[in-house]
Amino acid sequence: MKFPNGQQIIEEFEKWSPKYLAMEDDPVGLHVGTLNKKIERVLVTLDVNEAVVDEAIEKGASLIIAHHPPIYRPLKNLQTDFPQGRLMEKLIKHDIAVYAAHTNLDVAQGGVNDLLADALGLQDTSVMVQTYEAELVKIAVFVPESHEDQVREALGKAGAGAIGDYEFCSYTLSGTGRFRPTQGADPFIGEAGKMEKTAESKIEVVIRKQEKDRAIKAMIAAHPYEEVAYDVFTLENKELPMGLGRVGTLETAMSLEDFAEFVKERLDVPAVRVVGDFTKPVRKVAVLGGDGNKYITAAKRAGADVYVTGDLYFHVAQDAEAIGLAVVDPGHHVEKVMIQGVVDYMAQHSGLNCTFLASETNTEPFRFK
Ligand SMILES: [Zn+2]
């Protein structure tokens with residue numbers, strides 16, 4: 001059995017959670033080690049601390065995919081007398097690479113925020129704060145009928161034709177291609193100097209501009225012709241907005257007090273902090289994983305009755321109270337939903353012969369009494 005290269009694993013992962021979805025200055029990507037090696041096991045974790053590295057060593061994982069970047073601010077030194085230096089030393093000594101997918105995984109469709117919205121059973125969800133708008137292009141390629149499936153497959157695998165909850169979307173039209181190979185040509189069909197006529201299909205697919213080069217490369221590799229005829233059009237169409245946080249509705253309204261209990265149960269936390277009147281009914285919910293202090297007004301503007309986010313500051317809580325927005329703060333650690341989310345996504349979509357393991361190390365620093 002051949003194990004994949006680290007680069008292949010990350011290419012598959014980034015089809016879901018590309019780096020360009022990250023907020024500016026968010027240090028996403030490879031943090032430690034190399035991806036240029038065969039990888040049998042990948043450990044998925046929210047944070048990288050010494051216990052997580054020990055777990056990776058014990059389980060034979062040579063790549064860690066983490067949500068929180070282990071090197072968030074530039075390192076000034078690598079002194080191994082201090083925790084971070086020791087952590088880096090251990091990773092390198094054991095040849096363990098660390099790759100971080102932070103705000104790009106928050107924004108990604110099916111990423112952290114969608115996982116949290118799903119855990120809360122929110123329906124008809126939309127993005128709370130738009131942070132990214134894709135430019136779209138259409139690729140149209142002319143291909144002999146015999147190779148239609150092969151080219152469509154290659155385009156789809158490269159991410160072309162991914163529209164909302166659908167993938168491998170394309171449109172095919174049949175027609176006739178005409179060409180005359182010249183003396184220097186090595187034609188797949190026909191012979192030099194003779195006019196040729198052949199049944200060809202035109203396949204059209206939509207793709208984000210940032211991803212078009214990868215798709216064109218894959219399309220050309222799968223195409224039988226020496227000179228591939230294709231067009232790339234810029235589209236005015238817009239993709240659904242992508243961004244941070246989700247807003248959706250609960251199946252039935254409940255009191256803020258009941259909702260607080262519901263959040264504890266659904267997000268698996270022992271306690272939550274609550275701002276607002278316990279008796280007030282809530283139905284429309286905004287959720288943003290991690291620290292959502294900045295987005296109180298965005299949640300209110302989105303029409304939320306209650307905002308679920310972590311790391312709430314005292315004064316921000318007072319501001320929320322003042323604008324009549326209830327808040328439930330389950331802490332930052334609820335982002336642990338990404339662990340199983342990434343494991344499931346990669347197991348289902350990557351098609352790679354390697355094992356994705358959910359870290360069992362609890363990185364929550366708080367204890368509740
Ligand atoms: Zn976070």
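Guide: Please note that this is a predicted model. Let us start with phenylalanine 278, which is found in the loop between strand 11 (273–275) and strand 12 (281–291).

Visitor: Is phenylalanine 278 buried or exposed, or something in between?

Guide: Buried means under 20% relative accessible area and exposed means over 50%. Phenylalanine 278 has a relative accessible area of 39%, so this residue is partly exposed.

Visitor: With which residues is phenylalanine 278 in contact, leaving aside its neighbours within four places in sequence?

Guide: The contacts of phenylalanine 278 are then Ser255, Leu256 and Glu257.

Visitor: How should I read the salt bridges?

Guide: Side chains of opposite charge can pair when their charged atoms come close. Here the count comes to 23 salt bridges. One of them joins the side chains of arginine 152 and glutamate 148 at 2.9 Å, N to O. Both residues lie in helix 6 (residues 148–157), 4 residues apart, about one turn of the helix. Glutamate 148 counts as buried, at 14% relative accessibility.

Visitor: Which salt bridge links distant parts of the chain?

Guide: Arginine 273 and aspartate 329 meet through their side chains in a salt bridge of 2.8 Å, N to O. This pair links strand 11, which holds arginine 273, to strand 14 (residues 326–329), which holds aspartate 329, and the two are 56 residues apart.

Visitor: How accessible are arginine 273 and aspartate 329?

Guide: Arginine 273 is partly exposed at 49% relative accessibility, whereas aspartate 329 is buried at 5%.

Visitor: Which residues are linked in a network of salt bridges?

Guide: Glu50, Asp54, Arg86 and Lys90 are linked in such a network.

How values were computed. Residues are numbered from 1 along each chain as its sequence is written. This is a predicted model: local features need pLDDT of at least 70, side-chain atom pairs count only at pLDDT 80 or more; totals for chains, interfaces and linings use all residues. Side-chain values use heavy atoms; hydrogens and water are left out. Buried means under 20% relative accessible area, exposed over 50%, partly exposed in between (1.4 Å probe, protein chains only). Contact means heavy atoms within 4.5 Å. A salt bridge is a side-chain nitrogen of Lys or Arg within 4 Å of a carboxyl oxygen of Asp or Glu.
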